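This briefing walks through selected features of one model, grouped by topic. Please keep the sequence and the coordinates at hand while reading.

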Amino acid sequence: MVAAVVQARSKTGDEAVARAIASIGQRLGDRLTVNATVREQHANVLTWLPNQPPDAVAFALSTEEVSEIVRICAEHRVPVIPFGTGTSLEGHVNAPHGGVCIDLSRMDAVLAVHPEDLDCTVQAGVTRKRLNEHLRDSGLFFPIDPGADASLGGMAATRASGTNAVRYGTMRDNVISLTAVMADGTIVRTTRRARKTSAGYDLTRLLVGSEGTLGIITELTLRLQGIPPAVAAGVCPFGSVDEACQTVIATIQSGIPVARIELLDEDAIRATNLYSKMDLPERPTLFVEFHGTEAGVTEQVALFGEIAAEFGGGPFASATRAEDRTRLWQARHDAYWAGRGLRPGAEGLSTDVCVPISRLADCVAETQADIRSLGLVTTIVGHAGDGNFHVLVLVDRNSVSEMAATETFLERLAIRAIDMDGTCTGEHGIGQGKMKYLPRELGAGLEVMRSIKRALDPDGILNPGKVVAPS
């Protein structure tokens, strides 16, 4: 195995990479591979960016193994790319400079659950669905739901959020502590399990959202929530996006603790009806969900219905049966695949931006006008309570004109959001795809980020080519 690895890399003349792979192979045996198919599977697989595979893939089983792999790579100055489940959307797992991909998916143990403290500690490869299956009998759940069954380490690295963020926050708000391997192989635990601390810099928040460029997250301590005794969900169509957005603002300002409030434009509804066999009016629509006591949820549903009616929405149909709620949210989570069905054979390019909710209607309306002027086929879905929305562009990659129109659209969308005092990405992250927008969004703050990167990763081996380019 090791000899084959060395021979495979030596043909390229990159002796440093060959030596690093040989050393890692001696430690991991058949848990290190240079198989071309496996390497391509561990590069970008879900976006329009080119597939840039690593030179080898190492399947780690523990924090100590990750540390050892990183130490070897640091010694030879070989890039290291962490990998969870590969669901990221901006080229986070690509290896533009080659190197070793560390696959953390086999680090999938739930290490501890502390029901009395409402927290748990897991390895980075545990997925959100598996954690909630493990927690079910405890009466607790982990609320962050980005749709895909992503790994929790990857969700922390990309600062994921999702449909429940309007009530429960994002990964930034739900990670108490991390264990991470730094660029020299040092293992760091960012803090203890206390719910608050004033002890030193907030290393947890520094690593959450760093996309593997400052350290490799191997374990997480997470906040948990009690499973609510009553849940109600529902759908409400509107005559316009503006009416739906005004309803969202009024709902939040009224103090209604809505758990989810999702916006789908008319094209997304049409796609959902076709794919999920639903029969919703093809108009801008809000999907909502409320959590609490029986009396509390009943009151929330009634208040929301009144607010929606004031803005021309309705009829508002609510459901409390678990199977009806599951069908509704499964349809929402299938929006990507539903959208793809509107144009069979086309590729789907998903992007996101986020603006203050007071600007959401303006941003969506201008975006829809831009889509029409460019002749693109899209769907729009959004976490309306956060001002965050996603556009799925269905494009023929073989069409030069369509690709040019799509690139024009992406740039206009990012700049539009930034100029509305928003961000070029609310939850997909920067990766490779959105690096060029950071100077406009962050200004001098970008150089501060570069300084942090240089201090923690002086040789630039941790997920290079992502987030911040060298100055």
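Which residue stands opposite Glu219 in S10? Thr179 does, and Gln123 also stands opposite Glu219. The model is a predicted one, and the points below cover the sheet that holds S10, a contact between helices H15 and H16, and the surroundings of Ile380.

**The sheet around S10**

- Five strands form an open sheet in the order S5-S6-S10-S8-S9, and their pairing is antiparallel.
- At the edges are strand S5 (110-114) and strand S9 (187-189), each of which pairs on one side only, while the twist from one strand to the next averages 10 degrees.
- Strand S6 (residues 119-123) runs antiparallel to S10 and is joined to it by 5 bridges; within this pairing, Val122 has Leu220 of S10 as its bridge partner.
- Strand S8 (residues 175-181) is likewise antiparallel to S10, with 6 bridges joining the two.
- S10 itself (residues 216-223) is mostly covered, since 7 of its 8 residues are buried.
- Helix H5 (residues 128-135) packs on this sheet, where it touches S5, S6 and S10, and the direction of H5 makes about 50 degrees with that of S5.

**The H15 and H16 contact**

- The axes of helix H15 (residues 360-374) and helix H16 (residues 400-419) come within 11 Å and cross at roughly 165 degrees.
- Because angles over 145 degrees count as roughly antiparallel, H15 and H16 are described as roughly antiparallel to each other; their crossing is right-handed.
- H15 contributes Cys363, Glu366, Thr367, Asp370, Ile371, Ser373 and Leu374 to the contact, and H16 contributes Ala405, Thr408, Phe409, Arg412, Leu413 and Arg416.
- By class, the residues of this contact divide into 6 nonpolar, 3 polar and 4 charged.

- Leaving aside neighbours within four places in sequence, Ile380 is in contact with Leu263, Leu264, Asp265, Ala268, Val364, Thr367, Gln368, Ile371, Phe389, His390 and Val391.
- Among these contacts of Ile380 are Thr367 and Ile371, two residues that also take part in the contact of H15 with H16.
- Thr204 is 176 residues from Ile380 in sequence, and the two are 33 Å apart in space, C-alpha to C-alpha.

Definitions and conventions. Residues numbered from 1 in each chain as written. Predicted model: local features only at pLDDT ≥ 70, side-chain atom pairs only at ≥ 80, totals over all residues. Heavy atoms only, no water. Axes fitted to C-alpha atoms, helices over the stretch in contact; angles between N-to-C directions. Helix = DSSP H or I, 4+ residues; strand = E, 2+ residues; numbered from the N terminus. Parallel < 35°, antiparallel > 145°, perpendicular 65-115°, else oblique. Left-handed = near helix turned anticlockwise from the far one by under 90°. Contact = heavy atoms within 4.5 Å. Nonpolar A, V, L, I, M, F, W, Y, C, P; charged D, E, K, R; others polar. Buried < 20%, exposed > 50% of the residue type's maximum accessible area, 1.4 Å probe, protein only. Pairing = 2+ DSSP bridges.
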